[in-house]
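Hi everyone, thanks for making time this morning.

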Amino acid sequence: MPGDDDRAKSAASDQGSESGAAPAAKDEPEVDIAGTQFPSVVELNVGGQVYTTALSTLTRDNTSLLGIIFSGKSKTPPLRDTRGRYFLDRDGHLFRFILDYLRNTKLVLPEEFTEKDRLQVEAEYYRLPGLVESIRRARGGGATRGEKDSGTGSGSNRNPQQESTQKGLKTQANSSVTSKYDQSQSSNVVDSSGNGDGFITVGYRGTFAFGRDGLADVQFRKLMRIIVCGKVSLCREVFKDTLNESRDPDRGQGDRYTSRFFLKHNFLEQAFDMLQQAGFSLSSSCATAANGTSQNQNLDTESEEARWLHYNEFIFHRPAMN
């Protein structure tokens with residue numbers, strides 16, 4: 001019977017090991033979430049703007065928020081949009097500077113960049129202390145650790161002559177920055193007299209929105225988006241706060257041209273009224289034909305809207321006024 005006792009002890013041991021494994025089983029869902037597999041090339045939707053980048057770029061700094069999310073260390077899986085892209089509810093325009101920093105490990109900003117405060121907020125959100133420090137240096141906001149160690153920062157080891165020299169240099173630097181900022185701001189000032197000549201192109205892609213019965217009833221005109229192209233200062237003067245600049249990659253300067261503006265509304269006549277009030281008149285226009293016609297009377301609403309899809313452009317001009 002000793003053999004039976006051994007078998008009983010062995011069975012009890014097996015049951016004990018099984019019961020001991022139960023807590024690990026409870027943790028399995030968390031492990032599954034954290035162990036999400038990501039492709040080597042990742043598509044991101046950041047605030048409505050789409051980016052494509054390498055997984056190795058996102059995980060280059062494994063202590064950053066992106067590094068934690070895309071290395072599978074996060075307990076919560078990232079959100080996805082309707083097309084399966086990973087979604088981040090942040091500023092899509094400024095995210096390109098976050099990616100550039102991860103790729104090059106240094107901060108490179110365009111001239112007259114005016115959104116350093118907002119970029120610093122984004123860098124802090126993504127937990128990139130190196131980028132935060134670089135932005136502070138670009139803003140002239142204090143000495144870095146290396147500057148303090150070399151005695152060029154605001155430390156107690158500097159003598160009065162060094163202090164005076166540094167203050168003079170800082171004053172000159174601040175004056176230069178202020179001058180550049182004033183120039184940038186002056187280029188964005190609206191010419192209230194409306195004497196600036198130039199062209200503005202307004203375009204839209206549209207169709208007709210049909211009722212549920214398809215061909216039975218045309219309900220209203222449907223515009224996807226009203227696009228605005230032209231000199232930045234003129235576009236800002238005419239459309240003011242109705243102008244959406246979120247898709248323009250080089251916001252700030254007013255003496256350049258862009259084709260990336262669009263309006264915050266879809267009312268074509270409102271855009272025309274604003275152009276007329278600013279002294280513009282229609283110079284030319286062009287349009288595409290609808291996609292096509294069909295004899296099929298059983299088309300669904302979506303197909304019928306695609307059938308009437310078209311694109312129109314209107315060119316407005318304002319002559320110089322003496």
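Let me begin with how the elements are named: helices (H or I, at least four residues) and strands (E, at least two) are DSSP runs, numbered from the N terminus. What you see is a predicted model, where local features need pLDDT of at least 70, side-chain atom pairs count only at pLDDT 80 or more, and totals for chains, interfaces and linings use all residues. Residues are numbered from 1 along each chain as its sequence is written, and side-chain values use heavy atoms, with hydrogens and water left out.

Let's start at helix H5, residues 95–104. Its buried residues are Phe95, Phe97, Ile98, Leu99, Tyr101 and Leu102, where buried means under 20% relative accessible area, exposed means over 50%, and partly exposed is in between, with a 1.4 Å probe and protein chains only. After H5 comes Thr105, with a positive phi near 55°. Most residues other than glycine have a negative phi. Thr105 is not a glycine, yet its phi is positive. Thr105 sits in the loop between H5 and H6, and it counts as exposed, at 54% relative accessibility.

How do H6 and H7 pack? Helix H6 (residues 116–125) and helix H7 (residues 129–139) meet at an angle of about 165°, with their axes 9 Å apart. Here axes are lines fitted to C-alpha atoms, for helices over the stretch in contact, and angles run from 0 to 180 degrees between N-to-C directions. So H6 is roughly antiparallel to H7; angles under 35 degrees count as roughly parallel, over 145 as roughly antiparallel, 65 to 115 as roughly perpendicular and the rest as oblique.

Which residues make the contact? From H6 they are Lys116, Asp117, Leu119, Gln120, Ala123 and Glu124, and from H7 they are Leu131, Val132, Ile135, Arg136, Ala138 and Arg139. Contact, by the way, means heavy atoms within 4.5 Å.

Take Val132 as a close-up. Val132 is in helix H7 and counts as buried, at 8% relative accessibility. Leaving aside residues up to four places away in sequence, Val132 touches Gln120, Ala123 and Glu124. Val132 and Gln120 are 12 residues apart in sequence, and 5.7 Å apart in space from C-alpha to C-alpha.

The buried ones are Val232, Leu234, Cys235, Arg236, Glu237, Val238 and Phe239. Just after H10, Lys240 takes a positive phi of about 50°, in a residue other than glycine. Lys240 lies in the loop between H10 and strand E7 (243–244). Is Lys240 buried or exposed? Lys240 counts as exposed, at 53% relative accessibility.

My last stop is His265, in the loop between strand E8 (257–263) and helix H11 (268–277). His265 is buried, with a relative accessible area of 10%. Its side chain reaches the backbone nitrogen of Phe267 at 3.0 Å. Not counting residues up to four places away in sequence, His265 touches Ile226, Thr242, Gln270 and Ala271.

How values were computed. A polar contact is a pair of N or O atoms within 3.5 Å; within protein, one must be able to donate a hydrogen and the other to accept it, and residues adjacent in sequence count only if both atoms are side-chain atoms.
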